[in-house]
Amino acid sequence: MQDKLAWPETGGALFLRAREGWPLHQRAFPGLVCEQSFKPDAEALERAGLQVVATEGERRHPLVLVLPPRQREEARALYARAVAHAGPGGRVVACASNNEGARSAEEDLRKLVGPVASLVKNKCRVFWSAPLHGDGGARIDEELLRQWSALDAPRKIEGGRFTSRPGVFAWDRIDPASALLAAQLPPGLSGRAADLGAGFGYLSMELLERCPGITALDLYEAEARALELARVNLTGHPSPAKLGFHWHDVTGGLPGRYDVIVTNPPFHIQGRADRPDIGRRFIAVAAEALNPRGSLWLVANRHLPYETVLSESFGTVRTVAQQDGFKIIEAVKAAPARPAPKAERRWKDERR
């Protein structure tokens, strides 16, 4: 295996959907370029001293590494990109955990490039192509390559109201939790607003259309592919509100101050297990960023344990609605305590 998959002597490698981990530090990997559009993973790779790009250009590489995502259309499009980025004689190497569809992922690569070799270890499966784009190499299905290259292309959904693409959150529909939150937003919300985890921009669009008093709106989204869609969907909106689009990890805090924050915080990353700590951190960050008397409007699955951090971070908290397994919460930041009048302070001093 080591002979077949030796690191290229020249030209390095492209690592699609790269993630930081100890194997990247076992030895030197000269010429490694990591592509990662998810901000927390991109920042972790940068902290490790690796070269990171949000999207690789047209450069070709002798080796292309892939960590395929769960969403099938996005994964197939990523395989097509990997093949297109492989230079003459280059290989594509992919890996997936057994409980994340490793067998079907291997089968997809086989459909595209013909026979693949594989190894199963540590509850994962790694699989790789024969040399590509050369005499005697793998026989690429060119028609399938063309089809798969377009699988995650942006497309219109919801009757053309939004542009979306496979792989982003609730990509082909309006998320029912977000729709429930939008329906509860009072029209009197006003001032500077932020949408935390904005996705392709649905909640932001609803906020602008339902609340004409919003004067500025910042969208914060960790997935660059989703943020690009939000920019497409909201740019040109007739609202006079000033819009800002930020590729940003909300858990690291916010740079601005706001009167209104809306959020449908994520509670999964990669695997399926609940991660309520992410939502709790979104709530704490929102509390830090809100002006006194500013309000947070939050939707969450009913079972997620957010009540403690809400009560600790806000002056008043109320459940606005509960429906279809979701809860809508309004949390208002307390105003600073007013100093006692001078006469009252003097009376208290005299009593001591």
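Strand S6 (residues 116-121) and strand S7 (residues 124-129) run antiparallel and are joined by six bridges. Helices (H or I, at least four residues) and strands (E, at least two) are DSSP runs, numbered from the N terminus, and two strands pair if DSSP finds at least two bridges between them. This is a predicted model, in which local features need pLDDT of at least 70, side-chain atom pairs count only at pLDDT 80 or more, and totals for chains, interfaces and linings use all residues. Residues are numbered from 1 along each chain as its sequence is written, and side-chain values use heavy atoms, with hydrogens and water left out.

- S6 and S7 form a hairpin with two residues between them.
- In the turn, Asn-122 has a positive phi of about 55°.
- Val-120 has Arg-125 of S7 as its bridge partner, and Leu-119 has Val-126 of S7.
- S7 is also joined to strand S5 (residues 86-97), by five bridges and in the antiparallel sense.
- The bridge partner of Ala-94 in S7 is Phe-127.
- Five of the six residues of S7 are buried, so S7 is largely enclosed by the rest of the structure. Buried means under 20% relative accessible area, exposed over 50%, and partly exposed in between (1.4 Å probe, protein chains only).

**The seven-stranded sheet**

- Seven strands make an open sheet with mixed pairing, in the order S12-S11-S10-S13-S14-S16-S15.
- Strand S12 (242-247) and strand S15 (316-323) are the edge strands, each pairing on one side only.
- On average, neighbouring strands of this sheet are turned by 15° against each other, direction ignored.
- Within the sheet, strand S13 (residues 258-263) and strand S14 (residues 290-301) pair in the parallel sense over five bridges.
- Thr-263 stands opposite Leu-298 in S14.

**Helices H2 and H4**

- Helix H2 (residues 72-85) packs against helix H4 (residues 142-149) at an angle of about 120°, with their axes 8 Å apart. Axes are lines fitted to C-alpha atoms, for helices over the stretch in contact, and angles run from 0 to 180 degrees between N-to-C directions.
- H2 and H4 are therefore oblique to each other. Angles under 35 degrees count as roughly parallel, over 145 as roughly antiparallel, 65 to 115 as roughly perpendicular and the rest as oblique.
- Contact (heavy atoms within 4.5 Å) is made by Arg-76, Ala-77, Tyr-79, Ala-80 and Val-83 of H2 and by Leu-145, Trp-148 and Ser-149 of H4.
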